[in-house]
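Please look over the sequence and the model below before reading on.

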Amino acid sequence: NMKFIFLFLYNFIKNNYHLKRIEKFFFSNVALKKPIIFDVGSHKGKMTHLFLKIYKDANFYCFEPNKIFNKRIRKISKKIKLFNYALGKKKEVRKLYLNNIDLTNSLSIINNNSFYLKIKNFIIKNQKKKISKVVKVTTLKNFCNKHKIKKIDLLKIDVEGYEYKVLLGANTFIKNINYIILEIQKNDMYKNYSIVKIEKYLKKNNFKLIKNFRFPLMFFQDRVYKKI
């Protein structure tokens with residue numbers, strides 16, 4: 001079964017190499033005291049678990065619209081505040097597209113002409129029929145105002161091509177964020193996806209790229225930005 005082999009290799013590389021590099025970098029280079037950490041697109045909470053090991057006194061806010069992961073995330077720590085909605089550019093209701101491999105669930109619109117998508121579908125036999133569920137979306141700025149949050153020490157965004165919309169939703173609150181780690185897609189799987197727009201937006205708001213983690217054999221990477 002190619003899907004099983006793919007997932008086994010992907011998770012092996014992620015857990016034993018990719019996440020370990022990220023953990024080592026943050027442990028050695030990013031000192032934070034009692035930080036407020038936002039995990040946008042928590043999935044099963046692997047990054048929250050990683051950051052909890054480094055920042056034991058952190059306050060975590062996890063955003064994962066798919067409720068099936070609630071138990072997994074809550075198991076990590078009782079301190080985690082978990083919200084079953086998405087963050088985006090504006091307050092709205094949107095479709096969350098559910099894929100055969102749940103770590104690629106996304107609010108983004110898939111580019112059906114994508115060569116990368118065709119390879120992926122061949123390997124994992126993605127479903128032909130689009131499955132989706134309706135989810136609530138709010139903005140980072142609205143959320144922080146409502147919950148009286150004055151700053152975010154570390155913002156992690158992994159939302160399968162929807163990262164730019166999350167950043168736009170931060171609006172003026174972006175000046176109160178110190179570090180951002182986000183996933184960058186190096187493929188054409190999502191419509192209207194632009195690395196250039198993300199880079200320009202972060203540069204305009206005084207963020208500097210300080211580290212780049214390429215995921216081996218895959219067309220994406222995690223980038224770390226620091227407010228300068």
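A salt bridge is counted where a side-chain nitrogen of Lys or Arg lies within 4 Å of a carboxyl oxygen of Asp or Glu, and the structure holds 5 of them. This is a predicted model, in which local features need pLDDT of at least 70 and side-chain atom pairs count only at pLDDT 80 or more, whereas totals for chains, interfaces and linings use all residues. Residues are numbered from 1 along each chain as its sequence is written, and side-chain values use heavy atoms, with hydrogens and water left out.

**Between two helices**

- Lys53 and Glu23 form a salt bridge through their side chains, at 3.2 Å from N to O.
- This pair joins distant parts of the chain, 30 residues apart, with Lys53 in helix α2 (residues 46-54) and Glu23 in helix α1 (residues 2-29); helices (H or I, at least four residues) and strands (E, at least two) are DSSP runs, numbered from the N terminus.
- Lys53 is partly exposed, with a relative accessible area of 41%, and Glu23 is partly exposed at 24%; buried means under 20% relative accessible area, exposed over 50%, and partly exposed in between (1.4 Å probe, protein chains only).

**Between two strands**

- Asp39 and Lys156 form a salt bridge whose closest N and O atoms are 2.6 Å apart.
- The pair links strand β1 (residues 36-40), which holds Asp39, to strand β7 (residues 152-157), which holds Lys156, across 117 residues.
- Both Asp39 and Lys156 are buried.

**Between a helix and a strand**

- The side chains of Glu199 and Arg223 meet in a salt bridge of 2.9 Å, N to O.
- Glu199 lies in helix α7 (residues 195-204) and Arg223 in strand β10 (residues 220-227), 24 residues apart.
- Glu199 is partly exposed at 29% relative accessibility, whereas Arg223 is buried at 8%.
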